[in-house]
Amino acid sequence: MTKSFHKRSRAPWLSSCVLLGMSALQVQAADSTSAPTLIPLPASYQADGGKDFVLQNSARVGGNDEAARRAAAQFVTLLKQNGGPTLAVADSASKAQIRFRLDPSALNTAEGYALKVSNTGIDISAGDDVGLFYGAVTAAQLLTGNTPGHVAAATINDTPRFPWRGFMLDSARHFQSMDEIKKLLDAMAQHKLNTFHWHLTDDQGWRMEIKRYPKLTEVGSCRVPLGDAGRNAATGEARQYCGYYTQEQIREIIAYAAERHIQVIPEIDVPGHATAAIVAYPELGTTDQKLVIDNQWGVFQNLFNTEESTFQFLENVLEEVIEMFPSKYVHVGGDEAVKDQWIASKRVQERMRELGAKDEMEMQSHIIKRLEKFLEQHDRRLIGWDEILEGGLPPEATVMSWRGTEGGLKAASEGHDVVMSPVTHMYMDYLQTESPNEPPGRPTTITLQKAYEFEPVPADLAADKRSHILGLQANMFNEHTRNNQNLEHNLFPRLAAVAETGWSPQDKRSFSNFLQRLPRQLQRYQAMNIAYAKTPFQVDMQDKGEHRTGAVQVSLNNPLGYPVHYTVDGSAVTASSPLYAQPLQLKVPVQIQAAAFFDGKPLAAASRFQLDAASLLVREDTQLGLCPNGGKLLLRLEDDGPAEGEREIFNVNIFNPCWLWSDVDLSGITSVKVRAGRIPYNFQLAHDEPSRKFAPARTAHGEMEILANCEGKPLASIPLPAEPGADGFLELDAPISAPANRGDLCVRFTGDTRPNMWTLDWIKLEPAK
């Protein structure tokens with residue numbers, strides 16, 4: 001096992017960016033006739049031109065029937081959550097200024113409402129409880145708009161574009177408390193999201209109590225993490241990571257969600273992602289190998305077997321699931337079921353012949369059809385990831401398209417209902433900016449704009465099939481999201497973009513307009529104590545310099561394109577500071593402060609960058625790119641310790657341990673110093689394993705190599721030791737003779753070092769003395 005190691009603090013030129021208080025984010029008062037800062041945007045907003053409604057301390061909320069009074073009470077909570085005052089509930093609507101009315105004759109479709117603002121108050125009407133609730137959400141946002149408590153006279157007629165506006169939470173990889181889930185449900189309600197897809201079982205944990213099979217949680221809910229997190233530092237004994245929800249707790253979450261008009265969809269993975277269940281009950285598996293609850297991520301080969309007794313087990317589990325979850329849908333997974341164990345099993349091959357399945361895809365289809373029939377008998381509908389299309393699918397099944405939109409297009413064209421949830425746009429565990437301040441996450445970048453501009457209905461889908469697109473869903477898989485702070489960072493504000501796509505008319509959506517409304521939404525997040533991502537609102541810096549002359553070119557960037565102001569004399573940056581327009585030509589030493597502004601106020605704390613002669617010669621791993629040769633799968637990974645609290649973060653290409661420093665000044669450089677450490681390699685790649693590219697090792701433990709332009713014979717090759725130092729690190733000096741004054745430089749580690757891997761902390765160029 002590797003030793004825990006803790007990196008030095010980040011480069012001194014990059015300050016930590018802290019959350020601004022409400023006063024700092026307060027945008028300037030907007031003209032009362034301007035469009036409101038609502039997210040999601042309503043279907044129809046019409047300014048009426050009358051006098052504003054001004055909320056007084058004496059204002060009351062009310063309704064004349066049970067449904068209206070219930071909505072009034074919910075509005076009080078919603079307004080307080082958004083940072084507004086706590087209002088009292090009146091005896092009747094006639095004594096109130098915010099008035100709710102159930103209108104059986106309402107023409108709005110399901111979930112729709114009508115809202116009218118006049119100088120006497122706000123009137124909300126709808127045909128059902130759900131519409132009244134969403135009207136309450138809008139009214140709470142109106143009263144916490146650009147001028148809190150002041151709402152322009154207007155008429156809103158609103159109804160959602162899609163009936164399925166979802167969010168999936170993975171509680172199997174990392175476990176959330178009841179309070180954390182309830183907080184997420186509150187945030188979903190504030191965004192008019194109505195489907196909570198709860199991922200409760202996977203290879204790494206079974207999180208739902210099934211009374212007929214107690215070992216599913218007694219055994220299946222615990223694992224021992226790799227590295228230092230899996231050991232008690234005091235005793236050296238194994239330290240387990242455990243957690244599951246009792247049936248009583250699950251019912252509590254379902255009731256809490258129902259009060260907010262959110263359906264809860266359970267997911268039970270079949271036939272893959274099943275390791276935890278098989279460890280609990282080995283007779284369910286296909287392999288004779290003794291398995292453990294896995295502490296690795298990725299795609300595993302462990303599948304449920306195909307015996308009738310296993311089918312009965314799954315139906316018994318679903319029977320208890322149905323008793324707990326009143327939702328129409330039950331999700332059965334179906335994704336990433338690598339068939340190698342079935343192919344190798346004589347018994348599975350025999351069962352396939354018995355059941356008439358000509359191949360393993362048809363065998364999976366047989367299981368899915370069996371479960372679909374069982375669910376149908378219990379007045380439920382089956383939904384699964386798009387792999388369930390393979391081998392044939394019963395017409396009543398619903399498809400959740402994650403491997404792009406192609407599966408959804410095929411399914412809808414065949415008459416299946418579809419939820420669009422493509423990995424390219426809707427996966428919230430992917431990084432959202434290129435900032436070095438991003439928390440751990442998966443490869444590539446799904447920016448706020450990319451999430452916002454996703455269109456769930458494929459242009460190629462025939463008009464008479466478009467009603468099969470039920471909507472869209474954001475997915476949050478939690479392999480690399482260990483705590484709630486990072487979870488909220490990954491979700492917000494991107495979940496606001498998803499919500500607007502799900503609710504608002506396609507022709508009214510505009511990303512530039514969304515950015516005008518977003519700063520006010522950030523204040524609502526602050527009121528709800530949501531740790532939304534600051535990285536999209538900060539300023540990032542790139543510098544390219546000449547260490548001989550001290551000349552440096554500095555580029556500043558805000559990921560969302562908000563205007564950037566800066567100073568270069570160490571003074572505080574304000575809206576009156578110079579506006580950044582093009583790269584700055586500077587001399588070191590220099591201190592730069594920069595912030596992105598909206599309506600004259602900073603959107604996040606100023607970023608501070610201290611550049612000097614030494615900083616031109618150093619780059620940390622989060623500032624480096626990927627080498628152009630070899631496989632590419634970038635992950636932003638945590639250290640394996642401490643067990644609790646903050647951990648250091650590293651950018652690692654797990655397919656090719658190689659880092660690129662582009663276009664670097666190499667004149668006069670005589671050696672390269674590298675600080676590296678080791679962390680566990682905890683990835684199962686299944687059929688992606690051949691994509692891993694190891695440069696061959698020439699010595700017992702491999703080498704660190706320095707390459708010019710990332711190709712050809714290395715400039716330097718330093719043998720690696722069997723172990724790093726006592727702190728988990730080592731520093732290596734590699735003498736080089738640079739072939740050119742400028743060029744690309746690569747640092748790579750050779751050999752297959754699994755179950756551990758080397759990772760770079762920093763690289764430093766050393767001129768001749």
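Strand β36 (residues 658-665) and strand β42 (residues 742-749) run antiparallel and are joined by six bridges, where strands are DSSP runs (E, at least two residues), helices are DSSP runs (H or I, at least four residues), and both are numbered from the N terminus. Within this pair, Trp-659 has Val-747 of β42 as its bridge partner. The model is a predicted one, in which local features need pLDDT of at least 70 and side-chain atom pairs count only at pLDDT 80 or more, while totals for chains, interfaces and linings use all residues. Residues are numbered from 1 along each chain as its sequence is written, and side-chain values use heavy atoms, with hydrogens and water left out.

The mean pLDDT (the predictor's confidence in each residue, from 0 to 100) is 92 for the protein, and 95% of the residues reach 70 or more. Over residues 1-33, however, pLDDT stays under 50.

Strands β36 and β42 belong to an open sheet of five strands, ordered β33-β36-β42-β39-β40, with antiparallel pairing; two strands are taken to pair if DSSP finds at least two bridges between them. Because β33 (625-626) and β40 (716-719) stand at the edges with a single partner strand each, one side of each is left without a neighbour in the sheet.

Two disulfides (pairs of cysteine sulfur atoms within 2.5 Å) involve strands of this sheet, one with Cys-658 in β36 and one with Cys-746 in β42. The disulfide between Cys-627 and Cys-658 has an S to S distance of 2.0 Å and is left-handed, with -75° about the S-S bond. Cys-627 lies in the loop between β33 and β34 (634-638), so that the pair, 31 residues apart, links distant parts of the chain. Both cysteines are buried, that is, under 20% relative accessible area with a 1.4 Å probe and protein chains only, whereas exposed means over 50% and partly exposed in between. Cys-710 and Cys-746 are also joined, with sulfur atoms 1.8 Å apart, and their link is right-handed at 75° about the S-S bond. Cys-710 is placed in the loop between β39 (703-708) and β40, 36 residues from Cys-746, and the two residues count as buried at 8% relative accessibility for Cys-710 and 1% for Cys-746.The count of disulfides comes to three, and the remaining link, between Cys-222 and Cys-242, has sulfur atoms 2.0 Å apart and is right-handed, with 120° about the S-S bond. Cys-222 lies in strand β14 (residues 222-223) and Cys-242 in strand β15 (residues 241-242), 20 residues apart. Cys-222 is buried, with a relative accessible area of 14%, whereas Cys-242 is partly exposed at 36%. With bonded cysteines counted along the chain, the disulfides follow the pattern 1-2, 3-4, 5-6.

A closed barrel of eight strands, with parallel pairing, runs β10-β11-β16-β18-β19-β20-β21-β24. Three bridges join its strand β18 (residues 329-333) to the parallel strand β19 (residues 381-385), and His-331 stands opposite Ile-383 in β19.

Helix α8 (residues 308-324) has 17 residues, which should span 24 Å at 1.5 Å a residue, in agreement with the 25 Å between its end C-alpha atoms; the expected span is 1.5 Å times one less than the number of residues. Because 12 of the 17 residues are buried, α8 is largely enclosed by the rest of the structure, and the buried residues include Phe-311, Phe-313, Glu-315 and Met-324.

Key: Contact = heavy atoms within 4.5 Å.
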